[in-house]
Amino acid sequence: METKIKINHRQMAWMVTVILTAGGFLTTPKTLVALSKADAWLTQIAGMVYALFIAALLYYLARRFPGKSLFEITFELLGKWGGGLCNFLFLLHIFTILIRDMGVFSDFMNTTLLIRTPGEIIVLLMILLVVYFASSSVEVAVRVNDLIFPLFLGMLLAVPLLLGNEFDLRRIEPIFGQGYHPVLGGNLIAWGWYDEILIVGAFMGMLGSSKKLYAALRHGVMSTALLMTMVLFFTVAVLGIEVAARLMYPNYSLVEQIHITDYLDRIELFMFSVWLPIFLLKIAFKFLAILHIFSAFAGRMNLSLYGKQAGWLLLLLWSFAFKSVTEVFNFANYGTVLISAPDILICLLLYLAGRRRKVVDEEGVAADDRPQPQKKQKGGIWQWAIQQPERRWQRITNYAATSAVLIFLLAAYFGQFSPAAGAIGGGGILLALIIGYTSSYLEMRQANYASVRRQQKAKQRRRAG
């Protein structure tokens, strides 16, 4: 049974990062640069705040319905008809973004690597792969993600080093020089992609602890905000505004600029071989979420029962969805925001309906997130960090996210009058994202240890009783 499958906090955080980053790397950079110009790298703030809000909602529901998915909770809170309508909207949304992702991927392959291969063959192979993932369980996709994601993360973190001799900071100046409107437009476009964090609701019951779920979701969101900010920064700083806004896939052109001596000239092929399985895993997670919705409607958890039928339906819908590359890009960049709007109303309904439900103590003992007494070791920031409780790192993450928002608002206003104020604001936002990424990781780590301690205490109490 799918409900017996367990995943850990690290796997959940990596899943969130893959879902939020893999697709946005293809289509959004071109539009963000066209809208926000040199400030395109500062367009992740609104999406980060929204995703943190969704993470808090999922944590709120997980505390009251441990072991259940978002779609099962929707039926329990809103009833047969209300829950059915909301889950149908979720189903329609995920089907739509899946068709969008397949269209984007097919067009990318047809214009860059597999020029003579029909798009139908590319999409068919993709669907066969995700149907294979669905024939077993989400555990297979999660384990494959465990193997590939470290390479993907290392590849992204290596970009600043590999492009160290190519970028020019003058291309991103003046920071916030155009005021609010351009950068707010870019934030609105990027916000639509962060709505995909709701897909993780299909797997939220597999983690076993609401606190670990919350910490993992927050780390995934902060990782996405930092990685996307970094990639957009180098897109503008290396390619420039005019070039990046005209290129169809500026990120692919960005990695083409990497040259390591005269012998390693096609680094983009290696990076593509790492990105490709990450993108396919994102498609697989979305497809598995669709099968979870089918299971919630049927009241029977058997993903392999609906996998083939859903795959053929997806192929049929894709074949009639778009007529050209332009339609795919326009929908991917602008339509995503519109189809995400109903999710906000559904989230508010779930919050209001769940207020009367009591919090369930998953480990059977009161929460205790204080660190265990440890022998003091001299020196080392890491030793100090791992001795701090989960709540302290949670507050630091909250402060970092709040600081990023406040700095953004202030710098966007004063930056149009003072280049120095804009530069300080941009540096402050980048620093806040780095702090938030680090503190959210430590929060996730300490939440896992606190959960283990609670489970051990619960076992000791049961044995003593």
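**Reading helices and backbone**

Modeller: The 25 residues of helix α15 (residues 390–414) should span 36 Å at 1.5 Å a residue, and its end C-alpha atoms are 36 Å apart, which agrees; the expected span is 1.5 Å times one less than the number of residues. Helices here are DSSP runs of H or I with at least four residues, numbered from the N terminus. This is a predicted model, in which local features need pLDDT of at least 70 and side-chain atom pairs count only at pLDDT 80 or more, while totals for chains, interfaces and linings use all residues. Residues are numbered from 1 along each chain as its sequence is written, and side-chain values use heavy atoms, with hydrogens and water left out.

Biologist: Which residues are buried in α15?
Modeller: Buried means under 20% relative accessible area, exposed means over 50%, and partly exposed lies in between, with a 1.4 Å probe and protein chains only. In α15 the buried residues are Glu390, Trp393, Thr397, Ala400, Ala401, Ala404, Phe408, Ala411 and Ala412. Arg392, which lies in that helix too, is partly exposed at a relative accessible area of 36%.

Biologist: Why do the buried residues of α5 line one face of the helix?
Modeller: An α-helix has 3.6 residues a turn, so residues three or four places apart point the same way. In α5, the residues Gly119, Ile122, Val123, Met126, Ile127, Val130, Val131, Phe133 and Ala134 are buried. Seen down the axis of α5, these buried residues fall within an arc of 170 degrees, so they line one face; the arc is that of the directions from the helix axis to the C-beta atoms. The face turned away from the buried side carries the exposed residues Leu125 and Tyr132. Among the elements that cover the buried residues of α5 are α4 (70–112), α6 (138–162), α11 (267–298) and α12 (303–319).

Biologist: How should I read the packing of one helix against another?
Modeller: Two packed helices are described by the angle between their axes and the distance between the axes. The axes of α3 (residues 45–64) and α13 (residues 325–353) come within 10 Å and cross at roughly 30 degrees; such axes are lines fitted to C-alpha atoms over the stretch in contact, and angles run from 0 to 180 degrees between N-to-C directions. Tyr50, Ile54, Leu57, Tyr60 and Leu61 in α3 meet Asp343, Ile344, Cys347, Leu350 and Tyr351 in α13, where contact means heavy atoms within 4.5 Å.

Biologist: What does Asn87 touch?
Modeller: Asn87, placed in helix α4, is buried with a relative accessible area of 0%. Leaving aside residues up to four places away in sequence, Asn87 touches Phe71, Thr74, Phe75, Ile293 and Phe297. The C-alpha atoms of Asn87 and Phe71 are separated by 6.3 Å, although the two residues are 16 residues apart along the chain.

Biologist: And how do I read the backbone in the loops?
Modeller: Most residues other than glycine have a negative phi, and most peptide bonds are trans. Lys37, in the loop between α2 (24–36) and α3, has a positive phi of about 55 degrees although it is not a glycine, and Lys37 is partly exposed at 33% relative accessibility. Phe176, in the loop between α6 and α7, has a positive phi of about 60 degrees, yet Phe176 is buried with a relative accessible area of 0%. A cis peptide bond, with omega about -5 degrees, joins Glu173 and Pro174, and Pro174 lies in the loop between α6 and α7 (180–194).

Technical notes
Helices (H or I, at least four residues) and strands (E, at least two) are DSSP runs, numbered from the N terminus.
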